[in-house]
Structure formats: C-alpha cells, structure tokens
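Please walk through the model below with the sequence at hand.

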Amino acid sequence: MENKFSRETLCVQAGWQPKKGEPRVLPIYQSTTFKYETSEQMARLFDLEESGYFYTRLQNPTNDAVASKIAALEGGVGAMLTSSGQAANFYAVFNICEAGDHFVCSSTIYGGTFNLFAVTMKKLGIECTFVDADASEEEISKAFRPNTKCLFGETISNPGINVLDIEKFARIAHSHGVPLIVDNTFATPINCRPFEWGADIVTHSTTKYMDGHATCVGGAVVDSGNFDWEAHADKFPGLTRPDESYHGLIYTKAFGKMAYITKATVQLMRDLGSIQSPENAFLLNLGLETLHLRMPRHCENAQKIAEWLEAHPKVKWVNYCGLKSNKYYDLAQKYLPNGSCGVIAFGLNGSREEAIEFMDNLKMICIVTHVADARTCVLHPASHTHRQLSDEQLIEAGVAPDLIRLSVGIENVDDIIADISQAIEKVK
Ligand code: PLP
C-alpha cells in the first residue's frame, strides 16, 4: 500500500495489516522470544537465511509494524525503531563509521547530538568536523577528508529553527561519495520528506511530534535505499566486505537496497541493544495515527504567535521560518511549503534574566525539558538543554543566551497568546 496512498492515509493505515481473524488494532507483542518447531528452523534465522522473529532485541512484530509505517511516511525502503532519538543518531552514523573515520556535521544541531558527536564518538575514535550549514558548497567541502564517511544535518535545527538547504547538502555529500543523513524530527514527514531532496538516511526522535503526547522516548532510522554503497566500496567495508559475525555475509550482496538498514538491525542492534519497547512502539503508533491532523494545527498556531510576538514592543527578536522577515523564509517556502513546525525561538528586551522572569510568570504554559508536544511548553536552552556548552559553542550552535524556545501546542491559540501576553507584561 505504501506508494499508493497519501501521507494522511499512511498515518492511519500503514504498518499493521491484519489477516483473517487477527486483531484490527496493532497488538503489543509483549514477548522477548518466539517459538519454533525445530532446531534447524531457529538456526536458519540466526544465519539470516530466513527472516523471522526470534528475540525482541533484534526484531519484534509490534516494532516492525510501526517502523514500516514510518518508512512508508518517509518514502524509504525500511526503518528501525530505537529506544531514543540519541540512539537513532548514534546508530545512523556508527553503522558506516568506525575508529579512524571522520564525518561532517552542521554546527546548528540539537545539543544532545552535538555532545554525542563531539565528545562521546570522539572517544570511540570517530572524529566530527562541524560546519556552518549556510556556508557555500566550496567552504563546506573543505571540511571533507579521505576518511570522511557521511554528512549530517537537521531539517529544522533545534533550537535555532534554522532550515537546512537539503539539496545543497546532498550535492556536497554525493560529490564526496558519502551519504547525507538528515534528522527530520521537527519537520516530520508530514511537512518535509528529505529523501525527495536527495537525503539518503533519515533519523527521528519519535519522542517529539511523532508520539506527540509526551508519553514515550523513542527514535527511528529510515533508509531510502538510494545510496550506492558498492560504488564507494572502499569507503564502506562494513557493508561491502564480509561480516565475520555472520559467517562472512556481505550486506550489499545479500540485501541490496536494504543493506544499510539490515546491518543496523542485525548487527548494531544485536550487539548494542537500545531497542524501543513494544509498549512504547504501540503508543508511538497511536501518535502517528493523528500526526497529519496535529502538524497543521501546530504550524497554524505557531505562525499566529510568531506574528504576534514580532509586533510586541517588549520582544527584541523572533526566529520562526514562517515569518517573511526570517533569514530562512525562502528555504522554508521551498522545503516546507505547508508549514514547518510549532517551535519558535525568541528573545525579549534584556538578556538571560528577563527570559527566566518571563518563563516563571507563565501560568498555563509549563517549563519542561521537552518540545513538540500537544501541550504548549517553554525552555531556556542556555540554562537547560545546552548548559554544558561554552558561550562560544552556544553561539556556534545558534543559541543566544537570551533565546527562549517556545513549543507551540494544539490548544486554542487565543488562550496561548493570553498566557504569553500576561507573562511578558510582568517582566520589568
Ligand atoms: N534530534 C533532535 C532534533 C532532537 O530535538 C532531539 C531531542 O530533543 C534528539 C534528536 C534526541 O532525541 P531523544 O530525546 O529522543 O533521545
């Protein structure tokens, strides 16, 4: 059904396809293991000679149904659920990078991803160079080395709300013989499908809009199936050379377009764990069923609030790519014509102190370490999510010290504005 239907229908119908007498609603397969008749049957699964379930750390029917819905929404050939967005981004890169390798990444990314790439992956011997995503192709190309294995960016960056020029990034990556990995968390496939613009791998923190109700942490990696690993076989030995842990199996030969996502599942997930629990996958699926209804409302509310903030005398600056005054307006019109996301960054007259005072004055809108939720919420990245970053790193990551990140929910927009208004009025 995947290619026939619109995104709206896929949100509701893709994934779980019950057969005669099976439950209409996706069941939670709350089982670590699966039964076989003979030892030989099970052995064939371990050798990847047959596909089937045997242990939930590798695959589980509930998770697979939800992963295939996400793959269908993104227009990919396959997907894998992970326990968090962090795990998704780690696996997406680690699937093709090993000690001694290098990759290039936009500097305006989520602080957690920045820490993972700049600090933790460095300890594994994988080095990352951060680049200004708005720089020219020539400038960004200078960061590439012979051992560079991928380019990484976020469709809409968290929390700077910068829009990535995906086609430009894809051209740069491909001219260096490496794939482009795009974290599409904020846009979701409802507003942008990076594969249509040349990205090869997409990742998600499903914790955000996909779940949408702040019930479960999760992630996903989606494979477009488009990158030709064999054409750059020397760069990607993990995919194009025998895997000792499967008796010499070669992923590109055995799985073709599914090579990358199969390796991520049967090798990385087998060895490192970080699965999404079937119960969380079930909840994620409920969220996905209304993603196409919620996203337009998030965007419509955010647009009105951004315009209202821009006109307010106590507001110094507003960053929302739906505003005509915004640096990323043209890119947003190109890549996100139906709306971007519900997240707005803004600053009040003053600095850190005024931002904190404003947040403390809010009544309905809560201060939470979260974003992209049905309920409007707010956060001060310099004091919270990005507090490990130095002032220099903050600026590089596009996070001003006075930046307030407002995640606009799906309540009545007038009620949200009323709360923001009373909180701003009280700021001295
Ligand atoms: N990617 C983006 C764009 C995010 O905003 C986040 C979290 O805020 C992550 C990845 C990490 O996801 P998680 O919190 O699910 O591990």
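A polar contact is a pair of N or O atoms within 3.5 Å; within protein, one of the two must be able to donate a hydrogen and the other to accept it, and residues adjacent in sequence count only if both atoms are side-chain atoms. The model is a predicted one, in which local features need pLDDT of at least 70 and side-chain atom pairs count only at pLDDT 80 or more, while totals for chains, interfaces and linings use all residues. Residues are numbered from 1 along each chain as its sequence is written, and side-chain values use heavy atoms, with hydrogens and water left out.

A polar side-chain atom of Thr207 lies 2.6 Å from an oxygen atom of the ligand, a polar side-chain atom of Lys208 is found 2.8 Å from a ligand oxygen atom, and a polar backbone atom of Gly85 is 2.9 Å from an oxygen atom of the ligand. Taken alone the ligand exposes 390 Å², of which the protein buries 91%; such areas come from the Shrake-Rupley method with a 1.4 Å probe, and for residues only the protein chains shown count as cover. The ligand is surrounded by 15 residues, the closest being Asn158, Asp183, Ser205, Thr207 and Lys208, where a residue is near a molecule or strand if one of its heavy atoms lies within 4 Å of it.

Helices (H or I, at least four residues) and strands (E, at least two) are DSSP runs, numbered from the N terminus, and two strands pair if DSSP finds at least two bridges between them. An open sheet of mixed pairing is formed by seven strands in the order β1-β7-β6-β5-β4-β2-β3. Its edge strands, each pairing on one side only, are β1 (78-82) and β3 (127-131), and from one strand to the next the twist averages 20°. Within this sheet, β4 (residues 148-154) and β5 (residues 180-183) pair in the parallel sense over four bridges, and Glu154 has Asp183 in β5 as its bridge partner.

Helix α5 (residues 111-123) packs on the sheet, touching β2 (102-106), β3 and β4, and its direction makes about 140° with that of β3. Helix α3 (residues 61-74) lies across β1, β6 (201-205) and β7 (219-223), running at about 125° to β1; axes are lines fitted to C-alpha atoms, for helices over the stretch in contact, and angles run from 0 to 180 degrees between N-to-C directions.

Thr113, a residue of α5, is buried, with a relative accessible area of 0%; buried means under 20% relative accessible area, exposed over 50% and partly exposed in between (1.4 Å probe, protein chains only). Leaving aside neighbours within four places in sequence, Thr113 is in contact (heavy atoms within 4.5 Å) with Gln86, Asn89, Phe152 and Glu154.

Strand β8 (residues 315-319) runs antiparallel to β9 and is joined to it by four bridges, with Trp317 standing opposite Gly347. Four bridges also join β9 to the antiparallel β12 (residues 404-407), where Leu406 stands opposite Ile344.
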